[in-house]
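Here is a briefing on one protein chain. Look over the sequence and the model before reading on.

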Amino acid sequence: MPRKKNQLDTVSISVSTTRPVIEYLETLVESGLYGKNPTEAAERLIAWSLEELIRTGTLRRRSRKTDSTDED
């Protein structure tokens, strides 16, 4: 069954990192649980980390419809 279309617009960011970090991401990809490439693995780790920060109260969950000029 195909996934639903993402309701949120996506934006691209550029991240520079070291060879060891890429190798860890490649290892995660090989597990089959973190996406199809290191970029997808990094996105999943970022999303998971943000959820964890929300769970612990370090960050507040933002509404789905946010304005980039909001100062939360």
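Predicted model: local features only at pLDDT ≥ 70, side-chain atom pairs only at ≥ 80, totals over all residues.

Residues are numbered from 1 along each chain as its sequence is written, and side-chain values use heavy atoms, with hydrogens and water left out. The protein chain has 2 helices and 0 strands. Of its 72 residues, 6% count as buried.

**Fold and surface**

- Helices (H or I, at least four residues) and strands (E, at least two) are DSSP runs, numbered from the N terminus.
- Helix H2 covers residues 38-55.
- Buried means under 20% relative accessible area, exposed over 50%, and partly exposed in between (1.4 Å probe, protein chains only).
- The accessible surface of the protein chain comes to about 7,100 Å². Carbon and sulfur atoms hold 53% of that surface.
- Areas come from the Shrake-Rupley method with a 1.4 Å probe; for residues, only the protein chains shown count as cover.

**Nonpolar patch**

- Ile13, Val15, Ile46, Leu50, Leu53 and Leu59 make up a nonpolar surface patch. Together they have about 540 Å² of accessible area.
- Patches take residues with over 30% relative accessible area and no salt bridge; like charges are joined within 9 Å, nonpolar side chains (Val, Leu, Ile, Met, Phe, Trp, Tyr) within 5 Å.
- Leu50 sits in helix H2. Leu50 counts as partly exposed because its relative accessibility is 40%.

**Largest pocket**

- The largest pocket holds about 1,800 Å³ of space. Helix H1 (19-31) and H2 are the elements that give two or more residues to its lining.
- On a 1 Å grid over the protein atoms alone, a pocket is an open set of points where a 1.4 Å probe fits, with protein on both sides within 12 Å along at least five of seven lines; lining residues have an atom within 4 Å of a point.
- Grid points are joined across faces, edges and corners, and the volume is the space filled by probe spheres set on the points.
- The lining of the largest pocket has 34 residues. Val11, Glu43, Ile46, Ala47 and Leu50 lie nearest the pocket centre.
- H2 gives the largest share of the lining, 11 residues.
- The lining divides into 14 nonpolar, 8 polar and 12 charged residues. Ala, Val, Leu, Ile, Met, Phe, Trp, Tyr, Cys and Pro count as nonpolar, Asp, Glu, Lys and Arg as charged, and the others, Gly among them, as polar.

**Salt bridges**

- The whole structure has 3 salt bridges. Each is a side-chain nitrogen of Lys or Arg within 4 Å of a carboxyl oxygen of Asp or Glu.
- Arg61 and Glu51 pair at 2.8 Å, N to O. The pair links distant parts of the chain, with Arg61 in the segment after H2 and Glu51 in helix H2, 10 residues apart.
- Arg61 is exposed at 55% relative accessible area, and Glu51 is partly exposed at 32%.
- Arg55 and Glu52 pair at 2.9 Å, N to O. Both lie in helix H2, 3 residues apart, about one turn of the helix.
- Glu26 pairs with Arg19, the closest N and O atoms being 4.0 Å apart. Glu26 is partly exposed at 33%, whereas Arg19 is exposed at 51%.

**Loop**

- Lys36 lies in the loop between H1 and H2. Lys36 counts as exposed because its relative accessibility is 73%.
- The C-alpha atoms of Lys36 and Glu26 are separated by 9.2 Å, and the two residues are 10 residues apart along the chain.
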